[in-house]
Amino acid sequence: MFERFTVDARGVVAGAVEHASRAGSRAVTEEHLLLALLDREGTRASFALASLGVTDRRAELTEALAAGRRRGGMSRAEEDALAGLGISVQEIVARVEEVHGPGALSGETLSGETRGKAWPSGRPSFTKGAKKVLEKALGLAVARRQKHIGDEHLLLALAVLPGLAGEALAECGGTYASLARLLSPPAA
């Protein structure tokens, strides 16, 4: 699959690995892919993000991702579903942090550092969610009858899949519908 990735898409994956490494994360997540997309300039995805004003709202998006990390990676939709069952995620987070310290569910230590700084194999692993993004990007490219997988496919995959990264992206204006409209292939 990676042989079909464009230079821009490979740059996003490499950027995600860098984000994960800097954060001391044990694996590359969807969040790292999103942050790497926001770092890019002069690509189809960066144009779409800038056109929708998402790039200008990077601080807000980063804050939404941090809040989700504090909830253990749970999206607001998942939090709302649990609230419907009478379960308060905020209450659970507060109790866990009371016993184990701030950021206990996020994987951060009391000093603010992230656990698990080394990758045993020397190569980064990808979470199931990050792998789903890569697979969905392939599916989107195939559905559009395109032979390459570009950073725009990665962005669309993040936007269409459920989860924290897609939810934060949508909250900042990057919904799947708006991105798909901007990134639709030219008429043949």
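Let's start with Glu31, which is buried in this predicted model: its relative accessible area is 15%, and that counts as buried because the cut-off is under 20%. You'll find Glu31 in helix H2. What does its side chain do in there? It makes a polar contact with the side chain of Arg69, at 2.2 Å. Setting aside residues up to four places away in sequence, Glu31 touches Leu65, Arg69 and Ala165.

Now hop over to helix H3, which spans residues 44-51. Which of its residues are buried? They are Ala45, Ser46, Ala48 and Leu49. Look down the axis of H3 and you'll see these buried residues fall within an arc of 160°, so they line one face of the helix. Their cover includes helix H2 (30-39), helix H8 (151-160), helix H9 (164-171) and helix H10 (176-183). Just after H3 comes Gly53, with a positive phi of about 80°.

In soluble globular proteins, nonpolar side chains tend to be buried together. Here, the largest nonpolar core has 43 residues, and the ones with the most contacts inside it are Leu61, Leu154, Leu155, Leu169 and Leu179. Helices that each supply at least two residues of this core include H1 (7-23), H4 (58-70) and H7 (128-143), along with H2, H3, H8, H9 and H10.

Leaving aside neighbours within four places in sequence, Leu169 is in contact with Leu34, Leu49, Val54, Leu61, Leu155, Ala159, Gly174 and Leu179.

Definitions and conventions. Residues are numbered from 1 along each chain as its sequence is written. This is a predicted model: local features need pLDDT of at least 70, side-chain atom pairs count only at pLDDT 80 or more; totals for chains, interfaces and linings use all residues. Side-chain values use heavy atoms; hydrogens and water are left out. Buried means under 20% relative accessible area, exposed over 50%, partly exposed in between (1.4 Å probe, protein chains only). Helices (H or I, at least four residues) and strands (E, at least two) are DSSP runs, numbered from the N terminus. The arc is that of the directions from the helix axis to the C-beta atoms. Contact means heavy atoms within 4.5 Å. A polar contact is a pair of N or O atoms within 3.5 Å; within protein, one must be able to donate a hydrogen and the other to accept it, and residues adjacent in sequence count only if both atoms are side-chain atoms. A nonpolar core is a set of buried Ala, Val, Leu, Ile, Met, Phe, Trp, Tyr and Cys residues joined through side-chain atoms within 4.5 Å.
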